[in-house]
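Subject: Structure handover

Hi,

Here is the structure you asked about. My notes follow below it.

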Amino acid sequence: MPRYEGVHAYPDGDSTVARFAATAAEYDFDGVVVRNHSDATGEYDAERIADEYGVDVVDAIEIRADDPETASGHVGNYRPKHTVLALHGGTNALNRFAVESDRVDVLAHPMRGRGDFNHVLAKAAVEHHVHVEFDLSQVLRSDGGPRVQALQDLRKLREIVEKYDTPYVVSANPTSHLQLRAPRELVAVGETVGFSADQIRAGLRAWADLAERNRERMSDAFIAPGVKRGRYEEEP
């Protein structure tokens with residue numbers, strides 16, 4: 001089962017993509033999804049890094065916007081350019097926009113700030129195939145009240161996602177290679193929220209599934225889901 005992690009690399013984070021890949025390889029990850037925020041993108045040679053460290057490097061973007069109207073413009077601009085597209089959630093308006101958009105792959109950290117998640121959004125995410133992120137960063141890197149609140153938010157989110165069979169991804173949301181955690185550590189954190197080990201592993205695998213699906217869709221051979229251009233079939 002492939003295990004991928006979604007990371008914020010320099011200049012959005014403190015570590016380069018290469019440093020993330022090297023550490024991910026040490027921790028037995030199969031890939032890293034480089035999801036820098038849309039206002040802090042960087043340049044890197046994904047193919048060279050993947051060859052050097054034996055870790056798949058997925059070109060992604062995490063859109064950060066103040067409102068759905070601005071987010072919609074960013075989605076239109078960035079969708080054709082990146083393999084995986086996430087939207088930085090945390091307000092009810094942005095959370096709703098994300099789960100109702102067929103062009104968004106991941107709703108990132110929906111419980112941040114003033115954000116919430118309910119059954120209506122869960123059903124919309126299922127309909128539009130949007131993955132909801134279980135962001136474990138606050139549990140891993142906070143203490144006291146913030147950590148307690150993060151645990152409560154994740155438990156609520158898990159109950160809703162499980163009830164409606166909403167697609168999801170799991171991440172420690174690292175901004176440095178020092179914040180990467182091995183899959184077994186993420187399993188341990190997930191179990192405190194009520195997940196099974198298999199559910200956490202499925203959330204790590206989901207990043208890989210998204211990358212594979214979207215790479216196929218972006219290929220020249222793709223026509224529609226389940227339909228590919230034949231070897232000798234020409235463009236219309």
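F134 has V170 in β7 as its bridge partner. The two strands involved, β6 (residues 131–135) and β7, pair in the parallel sense over four bridges. Strands count as paired if DSSP finds at least two bridges between them. Helices (H or I, at least four residues) and strands (E, at least two) are DSSP runs, numbered from the N terminus.

This is a predicted model: local features need pLDDT of at least 70, side-chain atom pairs count only at pLDDT 80 or more, and totals for chains, interfaces and linings use all residues. Residues are numbered from 1 along each chain as its sequence is written, and side-chain values use heavy atoms, with hydrogens and water left out.

The sheet

The sheet is open and has seven strands, in the order β1-β2-β3-β4-β5-β6-β7, with parallel pairing. β1 (4–7) and β7 (168–171) are the edge strands, each pairing on one side only. From one strand to the next, the twist averages 30°. Angles here run from 0 to 180 degrees between N-to-C directions, with axes as lines fitted to C-alpha atoms, for helices over the stretch in contact.

Strand β3 (residues 56–63) is mostly covered, with seven of its eight residues buried. Buried means under 20% relative accessible area, exposed over 50%, and partly exposed in between (1.4 Å probe, protein chains only). Strand β2 (residues 31–34) runs parallel to β3, joined by four bridges. There, V32 stands opposite V57. Four bridges also join β3 to strand β4 (residues 84–88), again parallel. I63 has L87 in β4 as its bridge partner.

The cores

A nonpolar core is a set of buried Ala, Val, Leu, Ile, Met, Phe, Trp, Tyr and Cys residues joined through side-chain atoms within 4.5 Å. The largest one has 57 residues, and L87, F117 and F134 touch the most other members. Helix α7 (residues 144–164) gives the largest share of this core, six residues. A second, separate core has 13 residues, including V33, A60, V169 and L210.

Contact means heavy atoms within 4.5 Å.

The helices

α7 has 21 residues and reaches 31 Å from its first C-alpha to its last, close to the 30 Å expected. The expected span is 1.5 Å times one less than the number of residues. Its buried residues include L151, L154, R158 and V161. The buried residues of α7 pack against α5 (119–128), β6, α6 (137–141), β7 and α8. Just after α7, D165 takes a positive phi of about 55°.

Helix α9 (residues 197–218) has 22 residues and reaches 32 Å, close to the 32 Å expected. α9 bends by about 30° at R205. That bend is the angle between axes fitted to the seven residues ending there and the seven starting there. Among the buried residues of α9 are L204, W207 and L210.

Two single residues

Is H177 buried or exposed? H177 counts as buried because its relative accessible area is 16%. H177 sits in the loop between β7 and α8 (183–193). Leaving aside neighbours within four places in sequence, H177 is in contact with S15, R19, F20 and T23.

E69 lies in helix α3 (residues 68–78). E69 counts as exposed, at 62% relative accessibility. The C-alpha atoms of E69 and F97 are separated by 9.1 Å, with the two residues 28 apart along the chain.

Best wishes
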